[in-house]
Amino acid sequence: MIPLQKTASDILGLEYQELNYSVNLPKMERPIEEKYVVFAPNATAGCKEWVYENWVEVTKFLKSEGYDVVTLTTKPYYIEGAINIYGKSDWNEIFNYLYHSEFLIGLSSTVLLKCEVINQLNTCE
């Protein structure tokens with residue numbers, strides 16, 4: 001997998017050097033007791049987004065495998081059977097959902113960049 005940072009440096013014709021200064025986040029309790037997966041269904045460009053029905057199908061599969069599904073978006077995105085978290089502006093809360101998730105399914109978006117910040121990229125790929 002090619003890091004998003006490398007893609008940007010390639011486009012700009014710059015030498016790539018991975019820098020991750022991380023952040024010091026407060027230790028918070030797990031927001032959901034059961035194991036869960038985070039969906040980030042929005043992308044920075046609409047043409048990268050999946051069809052809604054695909055998210056529904058993946059949600060049904062994951063629920064059948066014993067996972068809860070959390071959608072983490074800036075605007076309402078309702079998938080039946082999923083926990084919809086949207087419009088959160090508290091970064092600590094957003095990071096906490098990502099940190100405690102089993103993994104993330106998402107598109108090239110800000111949520112993936114947030115995973116890099118908390119050194120959870122292996123969890124979020």
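I started with Leu14, which I found in the loop between helix H1 (4–12) and S1. Helices (H or I, at least four residues) and strands (E, at least two) are DSSP runs, numbered from the N terminus. I noted that this is a predicted model, where local features need pLDDT of at least 70, side-chain atom pairs count only at pLDDT 80 or more, and totals for chains, interfaces and linings use all residues. Residues are numbered from 1 along each chain as its sequence is written, and side-chain values use heavy atoms, with hydrogens and water left out.

Entry 1: Is Leu14 buried or exposed? I read 53% relative accessibility, so Leu14 counts as exposed. My cut-offs: buried is under 20% relative accessible area, exposed over 50%, partly exposed in between (1.4 Å probe, protein chains only).

Entry 2: I looked up the strand order next: four strands form an open sheet, S3-S2-S1-S4, with parallel pairing. The edge strands, S3 (83–86) and S4, each pair on one side only. Pairing here takes at least two DSSP bridges between two strands. S1 has four bridges to S2 (residues 68–73) and three to S4 (residues 104–106). I found Val38 opposite Val70 in S2, and Ala40 opposite Gly106 in S4. Val70 also has a bridge partner in S3, namely Ile83.

**Entry 3: helices on the sheet.** Helix H2 (residues 52–64) packs on the sheet and touches S1, S2 and S4. Helix H3 (residues 91–100) also packs there, touching S1, S2, S3 and S4. Contact means heavy atoms within 4.5 Å.

**Entry 4: strand S1.** Why do I call S1 largely enclosed? Five of the five residues of S1 (residues 36–40) are buried, so the rest of the structure largely encloses this strand. Tyr36, Val38 and Ala40 lie on one side, Val37 and Phe39 on the other, and all are buried. For the protein chain, I noted that buried residues make up 34% of the 125 residues.

Definitions and conventions:
Axes fitted to C-alpha atoms, helices over the stretch in contact; angles between N-to-C directions.
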